[in-house]
Amino acid sequence: MQKRVLGGIFLLLFLGLGAFLYTLVTPKIDVKEDTASYESVKKPVVTPESTDRVWVKELAQKDAREFVYPVNELFMQIDQFGLKDAKGKKAKSFRLVIDRADRYSLFCIIQTLNSLHLPYMVIKEGKIPTIYLEDKSEKQLENVVYALEKYDIKSKIVEVWL
């Protein structure tokens, strides 16, 4: 009798476990049907053009024969430090003459001039840049020469008229 009760319990357990696994394995799938509905194509809204001429439109309307070559250099003539008179008189300025013109020395020179708050202008003519300074006091210009000697850059100040 114990064998029949034990066998019945195993059978019920086996059937219960099978039913549980069957519910896990069989997914409940909800099928939704999506049908595409036809919608007419909406025409894009055309905005009226502005009366102002935009540079893109102006460039697009240029004649193909008009061509401007792109350049790597730009030359500008600027009134140096606003010193030239209306009469066309030349302004007194100073040129910094240096013994070498490599990148490191040019970097040191520009950083020194920026730290001393001196207005300067660098012009590259050929391979050697020319540096023009504008200052009224000779002592300030001597301080530039002295500060550049710290970087082993020999220089001198020459008076020029621009």
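How many residues has helix 3, and how far does helix 3 reach from its first C-alpha to its last? Helix 3 has 13 residues and reaches 18 Å, close to the 18 Å expected at 1.5 Å a residue. The expected span is 1.5 Å times one less than the number of residues. Helices (H or I, at least four residues) and strands (E, at least two) are DSSP runs, numbered from the N terminus.

This is a predicted model: local features need pLDDT of at least 70, side-chain atom pairs count only at pLDDT 80 or more, and totals for chains, interfaces and linings use all residues. Residues are numbered from 1 along each chain as its sequence is written, and side-chain values use heavy atoms, with hydrogens and water left out.

Now look around helix 3. Ser105, Cys108, Ile109, Thr112 and Leu113 are buried (under 20% relative accessible area, with exposed over 50% and partly exposed in between; 1.4 Å probe, protein chains only). Seen down the helix axis, the buried residues fall within an arc of 130 degrees, so they line one face of helix 3. The arc is taken from the directions from the helix axis to the C-beta atoms. On the other side, Arg103, Tyr104 and Phe107 are exposed.

What do the buried residues of helix 3 pack against? They pack against strand 1, strand 2 (120–125), strand 3 and helix 4. Contact here means heavy atoms within 4.5 Å.

Take Ser105. Its relative accessibility is 0%, so Ser105 counts as buried. Leaving aside neighbours within four places in sequence, Ser105 is in contact with Arg100 and Ile153.

After helix 3 comes His117, whose phi is positive, near 55 degrees.
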